[in-house]
Amino acid sequence: MTLTAPEFTTGTAGLRARIDALADRAALTDLIDRYLLSLDARRFDDAWARGLFTPDVRITSPVGTDEGIDGLAASQAATMAKFERTQHIGTNYVMDITGDRATVRWNALMTHVHLASTRAVRGSGPGDHFTVGGTFAGEAVRTPAGWRFRRLDVRAVWTHGEGPLVLTPEAEETLRSLRSL
């Protein structure tokens, strides 16, 4: 978020602009944090989707692409079901807010503990996991219900360990390309 000196003129208008800018940044930070925490809580339903995304949302990730809010909860549940538990940690939030639109970007560390069935097939022990370092970038818009994501692009920058047993073609390609680095 970049604010120039004229936006902070003296008096009530300047103070109001500063408060509004800080309130928007806090609301967007909350949106990001609620999204990341929701991935680990694994309670995906239509209320979850409406609380975080616009009806026309587009999410791209190493697993694939989701367009629109319909079916998004089921898609996310299926992705997360490949793991026993997960932990998503976000940091370095960068936001550029212009009126009712904002671009957002942050780094994430995503740890995925494998299912017992995956560990059994691989002969690995409890706690065997797959870690991804990545970035999230997208657009959020202000709606009557608050800020919501309209677009999210999730990119893997690096991985450690093996992914789940069953991968989408997109995920297979991502892992193949990261291994060649």
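These legends accompany close-up views of a predicted model.

View 1. Strands of a sheet pair through backbone hydrogen bonds, either parallel or antiparallel.

**View 2. Strand 3 meets strand 4 in a hairpin.** The two strands pair in the antiparallel sense over 13 bridges. Arg85 has Val113 in strand 4 as its bridge partner. Two residues lie between the strands of this hairpin. Gly99 takes a positive phi near 60° there.

**View 3. Strand 5 pairs with strand 4 and with strand 6.** Strand 4 and strand 5 run antiparallel and are joined by 13 bridges. Val104 stands opposite Gly138 in strand 5. Strand 5 and strand 6 also pair in the antiparallel sense, over 13 bridges. Here the bridge partner of Val132 is Thr159 in strand 6. In a regular strand the side chains alternate between the two faces of the sheet.

**View 4. Aromatic rings gather in one cluster.** Its members are Tyr35, Phe44, Trp48, Phe53, Tyr93, Trp106, Phe136 and Phe149. The model has nine aromatic pairs. One of them joins Phe53 and Phe149, with 6.0 Å centre to centre and 40° between the planes. That pair is tilted. Phe53 belongs to strand 1 (residues 53-61) and Phe149 to strand 6 (residues 146-160). The two residues are 96 residues apart, so the pair links distant parts of the chain. Phe53 counts as buried because its relative accessibility is 2%, under the 20% cut-off. Phe149 is buried too, with a relative accessible area of 0%.

**View 5. Trp106 and Phe136 form a stacked pair.** Their ring centres are 4.8 Å apart. Their planes meet at 10°, so the pair counts as stacked, the cut-off being under 30 degrees. Trp106 lies in strand 4 (residues 101-114) and Phe136 in strand 5 (residues 129-143). The pair therefore ties together parts that are 30 residues apart in sequence. Trp106 is buried at a relative accessible area of 0%. Phe136 is buried at 2%.

**View 6. The largest pocket has a volume of about 620 Å³.** Its lining comprises 32 residues. Closest to the pocket centre are Ser61, Pro62, Val63, Thr79 and His112. Helix 3 (residues 72-80) supplies the largest share of the lining, five residues. By class, the lining of this pocket holds 18 nonpolar, eleven polar and three charged residues.

**View 7. The second largest pocket has a volume of about 160 Å³.** Thr60, Ser61, Pro62, Asp153, Val154, Arg155, Ala156, Glu170, Thr174, Ser177 and Leu178 line the second largest pocket. Strand 1, strand 6 and helix 5 (169-179) are the elements that give two or more residues to this lining. The lining divides into four nonpolar, four polar and three charged residues.

Methods. Residues are numbered from 1 along each chain as its sequence is written. This is a predicted model: local features need pLDDT of at least 70, side-chain atom pairs count only at pLDDT 80 or more; totals for chains, interfaces and linings use all residues. Side-chain values use heavy atoms; hydrogens and water are left out. Rings of Phe, Tyr and Trp (its six-membered ring) pair if their centres lie within 6.5 Å; planes under 30 degrees apart count as stacked, over 60 as edge-to-face and the rest as tilted. Helices (H or I, at least four residues) and strands (E, at least two) are DSSP runs, numbered from the N terminus. Buried means under 20% relative accessible area, exposed over 50%, partly exposed in between (1.4 Å probe, protein chains only). On a 1 Å grid over the protein atoms alone, a cavity is a set of points where a 1.4 Å probe fits but cannot get out, and a pocket is an open set with protein on both sides within 12 Å along at least five of seven lines; lining residues have an atom within 4 Å of a point. Grid points are joined across faces, edges and corners, and a volume is the space filled by probe spheres set on the points. Ala, Val, Leu, Ile, Met, Phe, Trp, Tyr, Cys and Pro count as nonpolar, Asp, Glu, Lys and Arg as charged, and the others, Gly among them, as polar. Two strands pair if DSSP finds at least two bridges between them.
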